[in-house]
Amino acid sequence: MIRKLLLLLLIGLVSAGIVLGFSAWKLDSALKQPLKLSQEQLLDVPAGATPTGTFNRLEAEGVLDGAFWLRLYWRFNLDGQPLHSGEYRVTPGLTAEGLIGLWLRGEVVQYSLTLVEGWNFRQVRAALAKHEKIVQTLSGLSDKEVMEKLGHPDVFPEGRFFPDTYRFVRGMTDVEFLKKAYNRLDDVLAQEWSKRAADAPYTDPYQALIMASLVEKETGVPEERGQIAGVFVRRMKMGMLLQTDPTVIYGLGERYTGKLTRAHLKEANPYNTYMVAGLPPTPIAMVGREAIHAALNPVPGSSLYFVARGDGSHIFSDDLDAHNAAVREFQLKRRADYRSSPAPVVKPPQDTTPPADAPTEPAPDTAAPQSLQ
């Protein structure tokens, strides 16, 4: 009787060993199997997906076999590990075990979109709308409605987003993207405001942001930003009109086609700094940290005028005679991307029409669109 029981026990142990061995073999085979791929492709794991559901889907799609054993492996070895949603780049030869490794490391495919210094909000929205991996929710909405979606209903959007290269995974919405760029601008502006020069002529950071946008649009040479800001700040302190072409161009909006005329300079609108004293009411473009820093820390000096050489850099002058000489020299041989800032005039006390003898630089009949920084 005892022998019979020992025999049955032995048979049971052998059977269990066989089952365990078979299970281990099946599990190892499932993990080591290469995925059935003929070429590289993107595997999408949507938000909320589970390992069980994903293994089942891949088996149904013929990408792998043995979903049961892979589910079992995850349950007993990786229970509680998150399955990061997103797209995974999978290639021929990748095993199921390698795929699990990608999931555990969260090696999702990242995309990027660059917002360029000097862009206006219309250009930002166009770039967002063209990106295939960004979920579009703002199509057809006005700029005001967009800002309401962002939680800033009373904020004018121009210049309120930070130019940078932003990385994201598939599924990010345009609202989420803009919130990130908006918060980034707020952070940078606050940091630079805390390091402003003691005599910076602004009552709040927003005024500095406006000035930074003028600096951004007026120069393509980084080391000149502080000088450009210095000229504008001195003009303001002396009661001179800023007379900067980019503000006029911004005020024209879509009516600007690359030709800036004397008639445009005489057109009354809040952005025409040939007619209206001080800063325009809002920024006219997105600005980088360097332009913000320059606006808050203008380079001291005595220059009140600058004219573009034609290569993006400028000649700075202290007096009108020197400035006019530079204008004559560089306008005669100006390049297609030539940009200059006309000489300012003393701000009229009430009437915004300059007096007949006011010293001004003759406005060119045409001007090229401002380059994007």
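Glu 40 is partly exposed, with a relative accessible area of 44%; the class covers values between the buried limit (under 20% relative accessible area) and the exposed limit (over 50%), computed with a 1.4 Å probe on protein chains only. The structure is a predicted model, in which local features need pLDDT of at least 70 and side-chain atom pairs count only at pLDDT 80 or more, while totals for chains, interfaces and linings use all residues. Residues are numbered from 1 along each chain as its sequence is written, and side-chain values use heavy atoms, with hydrogens and water left out.

**Salt bridges**

Glu 40 forms a salt bridge with Arg 89, the term denoting a side-chain nitrogen of Lys or Arg within 4 Å of a carboxyl oxygen of Asp or Glu. Arg 89 belongs to strand 2 (residues 86-90) and Glu 40 to the loop between helix 1 (2-32) and strand 1 (41-45), so this pair ties together parts that are 49 residues apart in sequence. Helices (H or I, at least four residues) and strands (E, at least two) are DSSP runs, numbered from the N terminus. Arg 89 is likewise partly exposed, at a relative accessible area of 44%.

By this rule the count comes to 15 salt bridges. Three of them are listed below with the separation of the closest N and O atoms.

| Glu 40 | Arg 89 | 3.2 Å |

Glu 87 counts as buried at 2% relative accessibility, whereas Arg 170 is partly exposed at 40%.

Since Glu 192 is in helix 7 and Arg 289 in helix 12, the pair ties together parts that are 97 residues apart in sequence. Glu 192 is buried, with 2% relative accessibility, and Arg 289 is partly exposed, with a relative accessible area of 26%. Elsewhere, salt bridges that share partners join Asp 28, Lys 32 and Glu 97 into one network.

**Nonpolar cores**

A nonpolar core is a set of buried Ala, Val, Leu, Ile, Met, Phe, Trp, Tyr and Cys residues joined through side-chain atoms within 4.5 Å. The largest such core has 55 residues, and Phe 161, Phe 177, Tyr 202 and Ile 292 have the most contacts inside it. Elements giving two or more residues to this core include strand 3 (110-114), helix 5 (121-130), helix 8 (205-218), helix 9 and helix 12 (289-296). Helix 7 gives the most, with 9 residues. Domain 2 (111-191) and domain 3 (199-332) both give residues to this core, so it lies between them; the domain bounds come from an automatic or database domain assignment.

Leaving aside neighbours within four places in sequence, Phe 161 is in contact (heavy atoms within 4.5 Å) with Phe 121, Met 147, Leu 150, Leu 178, Ala 181, Tyr 182, Leu 185 and Met 286.

Helix 9 is mostly covered, with 10 of its 13 residues buried. At 1.5 Å a residue, those 13 residues should span 18 Å, the expected span being 1.5 Å times one less than the number of residues; the end C-alpha atoms are 18 Å apart, which agrees.

Arg 234 is found in this helix (residues 225-237). Arg 234 is buried yet has no salt bridge, and the nearest side chain of opposite charge, Asp 318, is 6.8 Å away; Lys and Arg count as positive and Asp and Glu as negative, with His and the chain ends not counted. Not counting residues up to four places away in sequence, Arg 234 touches Gln 227, Val 299, Pro 300, Gly 301, Ser 302, Ser 303 and Leu 304.

Just after helix 9, Gly 239 takes a positive phi of about 75 degrees. Gln 243 has a positive phi of about 45 degrees although it is not a glycine. Most residues other than glycine have a negative phi. Gln 243 is placed in the loop between helix 9 and helix 10 (245-252) and counts as buried at 4% relative accessibility.
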